[in-house]
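The entries follow the order in which I went through them.

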Amino acid sequence: MSAEKFNLFSFTGKMKILHMSWMAFFITFLVWFNHAPLMGSIAASLGLTSSQIKTLLILNVALTIPARIIIGMFTDRFGPRLTYSTLLAVCSIPCFMFAFANSFEQAAIARFLLGFIGAGFVVGIRMVSEWFPAKELGTAEGIYGGWGNFGSAAAAMSLPTLAIVFGGEDGWRYAVGLTGLISLLFSVVYYKNVSDTPKGSTYFKPKNVGAMEVTTKGDFVLLLIMKVPMYATLALLAWKLSPAGVKMLSQEVVYACYAGLVALYVLDFWKTYQVNKNIFVKPVPEIEQYKFKQVAVLNVLYFATFGSELAVVSMLPLFFSEVFELDMVYAGLLASAYAFMNLASRPGGGWISDRFGRKKTLLVLTAGLALGYFGMGQIDGTWPLFLAVAMAMACSFFVQAGEGAVFAAVPLIKRRLTGQIAGMTGAYGNVGAVFYLTVLSLVSYQAFFYVIGATAVLGFIALLLLEEPKGTIAEVGPDGEVTLINVS
């Protein structure tokens, strides 16, 4: 770990790694959401129907759930430097495909593949954890997550103007294509300017790649249970694309998707058993053990925090527009205050976690999150508009600070598995988003906010099982040497 001072205005040592990594994450979100602010032009250019537009939005997040798991494994195996650089370069290809699409089918395939770039987040979590000591880790991960997350807001602010500057009916194509070019160029910049660990440090890799390692039989069962919601969410997405939903896929194809998901789960079960079968033969030495319940609790919390953020960002402009009878431009501007909070809230959550402890911070923020959403469920047309916006911003502080506090704890569980743990926890954020957006399609706005509040209460109860990281975690190198890493 680098012992240099934490100075945001420095661009050397560990601070250079932090700045390069949040920029990489920023670019992944810029590319991932480059279609959202240009959807009107894209729809007009390709002659898209309303249901086709909704389908593109669904496809854009569909692949991110398995992608975060896969990229987490690649990160732990090959290191964040190579993984992030490769992801940025490879994902520029579907970005260019989308820019040159001439039909709905071409655009749909490109958007589906672009879901992979949404997995970039987990790579930097491992990179930052290699460079920062435990007492600074929450702040560093919060800056990485909060500033990088702002890429979607930057896309909303800049791409419509760029499309106008390029001009003509193809202006949107040049604007989208430019984000792909930025991604391709930065992949080279990132590769040439970072290293996986500070000089002299060991990069610990998992003993097996293909499934997450656990250290007890009970944790093996819990891991298999925690995988089910991810497969269920992908099944839900298939249902949304079925004749019962937006009618993109035939019923036969949807049944084939269901069968494929069942087969994948069986394969996943087998791979997980293969990686962990030794625990059924002899116990793992206590010094090498970790508690998977820590991961499970953080998964549930990220479901409620990031899952609700993605869902609320999607619906808030429409909510303000309908409840207060505003035009969509003004409503969108007011709603952007919710996402804008990310710049300070997420680093703030990490910083508070560093100062006051991981568990205590998460308990306070999760309670605030539940109260915030119950408060938003009370908003109606009789409220003064400024009070409704203030309530949304207060709620978003607890949501995003909670995200920062979750990822302040993730890297302190088991160093060599950090990519996989971050991948699973990150995927649960997307699972939450799909769940909440599905709820929104079935109930009123008020009930939608109450459901999020209720899941936050469940998260609060689950938090009671979390153990405050303290002391050290042990990692065993390839040569058998034991390294103790401080986590408090």
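The entries below cover cavities, pockets and one surface patch.

**Basis.** I am working from a predicted model, in which local features need pLDDT of at least 70, side-chain atom pairs count only at pLDDT 80 or more, and totals for chains, interfaces and linings use all residues. Residues are numbered from 1 along each chain as its sequence is written, and side-chain values use heavy atoms, with hydrogens and water left out.

**Cavities.** I took a cavity as a set of points on a 1 Å grid over the protein atoms alone where a 1.4 Å probe fits but cannot get out, with lining residues having an atom within 4 Å of a point. A volume is the space filled by probe spheres set on the points, which are joined across faces, edges and corners. I noted 3 cavities of 30 Å³ or more, and the largest cavity has a volume of about 70 Å³. Its lining consists of Ile69, Met73, Met212, Leu223, Lys227, Met230, Gln420 and Met424. Two or more of these residues come from each of helix 4 (64-78), helix 12 (217-240) and helix 19 (418-440), where a helix is a DSSP run of H or I with at least four residues, numbered from the N terminus. Helix 12 gives the most, with 3 residues.

**Largest pocket.** A pocket is an open set of points with protein on both sides within 12 Å along at least five of seven lines. The largest pocket has a volume of about 2,100 Å³. It is lined by 49 residues, and Ala36, Leu57, Val313, Ser314 and Met315 are the closest to its centre. I found that helix 14 supplies the largest share of this lining, 8 residues.

**Second largest pocket.** I recorded about 850 Å³ of space in the second largest pocket. Among its 28 lining residues, Leu63, Pro66, Leu234, Leu261 and Leu264 are the closest to the centre. Helix 3, helix 4, helix 7, helix 12 and helix 13 (251-276) each give two or more residues to the lining of this pocket.

**Surface patch.** I then looked up a nonpolar surface patch of about 500 Å², which is made by Val90, Ile93, Met97, Ile109, Phe112 and Leu113. Helix 7 gives the most to the nonpolar patch, with 3 residues. Leu113 has its place in helix 7 and is partly exposed, with a relative accessible area of 35%; partly exposed lies between buried (under 20%) and exposed (over 50%), with a 1.4 Å probe and protein chains only.

Key:
Patch = residues over 30% accessible without salt bridge, like charges linked within 9 Å, V, L, I, M, F, W, Y side chains within 5 Å. Areas by Shrake-Rupley, 256 points an atom, 1.4 Å probe, with all protein chains shown as cover. Salt bridge = Lys/Arg side-chain N within 4 Å of Asp/Glu carboxyl O.
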